[in-house]
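Thanks, everyone. Let me put the model up, and then we will go through confidence, fold and cores.

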Amino acid sequence: MTRVSTSGNFASVLSNLMSAQEKQFEAGDRVSSGKVGTDLRAYSQDSQVLTAMRTLNTRLQAFTEQNKLTSNRLETQDLGLTKAAEAADNARKAISNAVAAGDATGLISALRGEFASAVGAFNIQAAGKYVFAGGQVDTLPVTATRLEDLTLLPTSVQDSFTNDDYIEKIRVDETTTLEVGQVAEQIGTPILTAFRDITAFHQGPNGPFVGKLTAAQTAFLESQIAVWASVHRGLVVATSRNGEVQNQLEGVETRLTARQITVEGMISDVADADMAKAASDLTQAQLAVQASSQVFNTLRNSSLLNFLR
């Protein structure tokens, strides 16, 4: 006897159709996203490896982003230190020229300009923070604004500095910590002292520096040439020290980039779908859906009503 209707057959065919549709959706997701799956369940035994690699990659990215800010700060410090060193060298040249000419006309004016340049260098900012202020990043590290301010200070040029002694250290990867900070008082005391000495002489009984130099003025300025050469060397050393830290940071960044490439490759090996296989699976799933649909339609037409018509 021909069996024309059964709920069991409908249930079986419907289950097959839904299963085929689910496989089609999954294959379609792999093709469209290029990934094995959207959650860890899709990766089975590789889920722990994938979680570990993603965690490591996140940490490496955090170091990379932080190091970009550190690099910007070091570049700003290099700019400030270079500018201060140039001011010291220009001051030395102005003094040497005055001695060579035997005339101090324009000397103090030139020194005022170099003083302003040096103070601006020590008060330089990165991301709105004073880089040579130690921990007092929101406070102007050098308060003196004119040469004459230096001789008005109560005791010494240190009174014009407001920075503290905090030297910032930054962890740039899991094993490396760099000392990136320098403070205005440490690097600026020699040049401000030299500016103060000349200003005090200019304001004293053997001054001022105007017109032809006296014997006393010539002797004093000749002694200052060596002082300013030493000041310049000190600032060049500070600039070099900053450059060494920059080089170390560049080395760390290179290693971080290489590690990120390796980790991202490992993540890709686990997470990325085989596109050829995904496309093949999608085609097979589509065929399965079509076949299940056809069977369902055939079974739906196999009813008692068809025999009674």
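First, pLDDT: that is the predictor's confidence in each residue, from 0 to 100. This is a predicted model, so to speak of local features we need pLDDT of at least 70, and side-chain atom pairs count only at 80 or more, while totals for chains, interfaces and linings use all residues. Numbering starts from 1 along each chain as its sequence is written, and side-chain values use heavy atoms, without hydrogens and water.

The protein averages a pLDDT of 82, and 70% of the residues score at least 70. Confidence is highest in helix H3, residues 107-122, at a mean of 97. It is lowest in helix H8, residues 304-308, at 51. Over residues 39-43 the pLDDT is below 50. Where pLDDT is low, the predicted coordinates should not be read in detail.

Now the fold. Helices (H or I, at least four residues) and strands (E, at least two) are DSSP runs, numbered from the N terminus. We have eight helices and four strands. The order is α-α-α-β-β-α-β-β-α-α-α-α.

On to the cores. A nonpolar core is a set of buried Ala, Val, Leu, Ile, Met, Phe, Trp, Tyr and Cys residues joined through side-chain atoms within 4.5 Å. Buried means under 20% relative accessible area, with a 1.4 Å probe and protein chains only. The largest core has 45 residues; Phe122, Ile191, Phe209 and Trp228 touch the most other members. H2 gives the most to this core, 10 residues. Apart from it lies another core of 16 residues, including Leu56 and Val245.

Note on methods
Contact = heavy atoms within 4.5 Å. Buried < 20%, exposed > 50% of the residue type's maximum accessible area, 1.4 Å probe, protein only.
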